[in-house]
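Please read this short report alongside the sequence and the 3D view. It goes from one hairpin to the whole chain and then to a pocket.

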Amino acid sequence: MSHYSVMECFFKQLCLKGSPQSSEPFKPVFLTGVGIWIPAPLMISRAMDFTKYKYEFAKEAFKKGLTKNNVQHCLAYAEVLYSNNVPIIYNPSHLSALLGYKKEYLKKAALHTSYFYRDFEITKKNGKKRNISEPLPSLKEIQIWILKDILEKVPVSPFAKAYKPKTHLIENLKFHKNQPKVFTLDLENFFPSIKMELVEKVFLEFGYSKMVANLLAKLCSRNNGLPQGAPTSPYLSNLIFKKADELIADYCKQRKIRYTRYADDLSFSGDFDENELLDTVTKIIENLNLHINKSKTKLMKPNTRQTVTGIVVNDKPQVAFNKRNELRQAMHYIKKFGFDEHRVYKEIKQANYLEHLMGRINFVLQINPKDSEFKEYKAFLFALKKKENTKIKKKLPLLV
C-alpha cells in the first residue's frame, strides 16, 4: 500500500464521525504528502459497529476517487484493530488528531525523550534509593490516553495480579496459604530491562502499522526501556510478560504448582523440586532479556514464616507480626500520652505522620478486613484527624 493511499485512507477516516450524534469540535489537520487541510474530529467514537463503518468508509472513499483495492487495504487494516478492540490509527497525523497534540510535538517527545521527563529518587522500605522518571504533564496526558484507550482494552494473563483495574493484593495471596512450600523469585531491574523493541512488538501484535507502532513505543519508552514513573509502564510490562506467564503457568499446572506474579515478584507454592522450577523459569524469562535477582530468591517451608509480597500466608494472609507490633506500640503511646507528645518523644519530624499511620493501618485491614483491633485503631485515628481539621479551621482567618 503506497504512502499516498495510506494518507488518503486517513483522510476518509477523519471525515467520518464515529457516531451520528457526535458533536465533537473540529480542528484542521494538514495531511503531509497530500498537501491539503481537512476538518478532523478531536476524538473518534467507536460506537459505530464495523459493518456500518465499512459501508460509510467505502461510500466516502469512492466519492473521493479511491480505488476498490485501496479501500480494501484500508478496511483490512482497520478491521484487525477493531477486532482487537483498540482505536483505528492510520498514521502519525491521525494519532495527532486523536490526541489533540501537534504531530511535531509527538515527534519531539518520541525523539528527544530526556527533555520530557523529571528525574528524582525515592527511598524504598529497605533504605535503598529508587530512580523515578516522571513524564512532564503533556507527555503524561498522552501516555494516559495510550493506557486507557489502547493498552487496557487488551487483557493480560490471569496469573498477573498487579497493575490491573479492580484487582487487589489479596488475589495474589490467597492461592499460596497453608502450602508445603512457598518459593518466591524477583525479577532484577524489571522496567528498565524491558527494551523498546518489545514495547513496539506489543503494538504490532495489536495490528498497528510499523510506523504507528514505532511512534507509540517511543512515546512510552525512555533510554530503550520502560521508565519507572510513566503511567503506561506497569500495564505494558504485564502485556510483554503475558507469553512468559502462560509458559510458566503451563509448566506449573502439569506439576500441580500454584503460580502468581505480582509485578516483578513471582510466587510458587505446593510440593515441587525448586531447583528444576528455577531452571525452567530462568530459561523462559531470558527470552525477554530478563534475569532473576538471586539475592532475593526465597524457599519457605511450613516450619518457617512463609511470605508472599511481604505478607505472611502460612495459615491466612496477614501482615507480618513485627510490622503489626510496630503499629500496636505507636497506638499504645498515642493513646496513653497523646499524639503530639508521642511525636516529640520519638523525634518524628514527618509532616504527614498521622496520614502515614492511617495508611499503614488501612493496609492491614485490606489484608484482613475483620481485624477488630485494627478497626478500632482506624476509628481512633479518624476521630483524631477530624479533631485536627477542626483546630486548623479555627486558626484560619475569616474570608471576607
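Which residue takes a positive phi in the hairpin of β6 and β7? Ala263 does, with a phi near 60°, and the hairpin has 2 residues between its strands. The model is predicted, so local features need pLDDT of at least 70 and side-chain atom pairs count only at pLDDT 80 or more, while totals for chains, interfaces and linings use all residues. Residues are numbered from 1 along each chain as its sequence is written, and side-chain values use heavy atoms, with hydrogens and water left out.

**Strands**

Helices (H or I, at least four residues) and strands (E, at least two) are DSSP runs numbered from the N terminus. The protein has 17 helices and 11 strands. Two strands pair if DSSP finds at least two bridges between them.

|---|---|---|

**Whole protein**

Of the 400 residues, 45% are buried (under 20% relative accessible area; exposed is over 50%, and partly exposed lies in between, with a 1.4 Å probe and protein chains only). Cys220 counts as buried because its relative accessibility is 0%. Cys252 is buried too, with a relative accessible area of 1%. A search of the whole structure finds 0 disulfides, a disulfide being a pair of cysteine sulfur atoms within 2.5 Å.

Contacts (heavy atoms within 4.5 Å) can be sorted by distance in sequence. Among those between residues at least 6 apart in sequence, 68% join residues at least 24 apart.

**A pocket**

A pocket is an open set of points on a 1 Å grid over the protein atoms alone, where a 1.4 Å probe fits, with protein on both sides within 12 Å along at least five of seven lines; lining residues have an atom within 4 Å of a point. The second largest pocket is lined by 17 residues. Glu205, Leu239, Ile240, Lys242 and Lys243 lie nearest its centre. Three helices, α9 (196–206), α11 (233–240) and α12 (242–254), each supply at least two residues of this lining.
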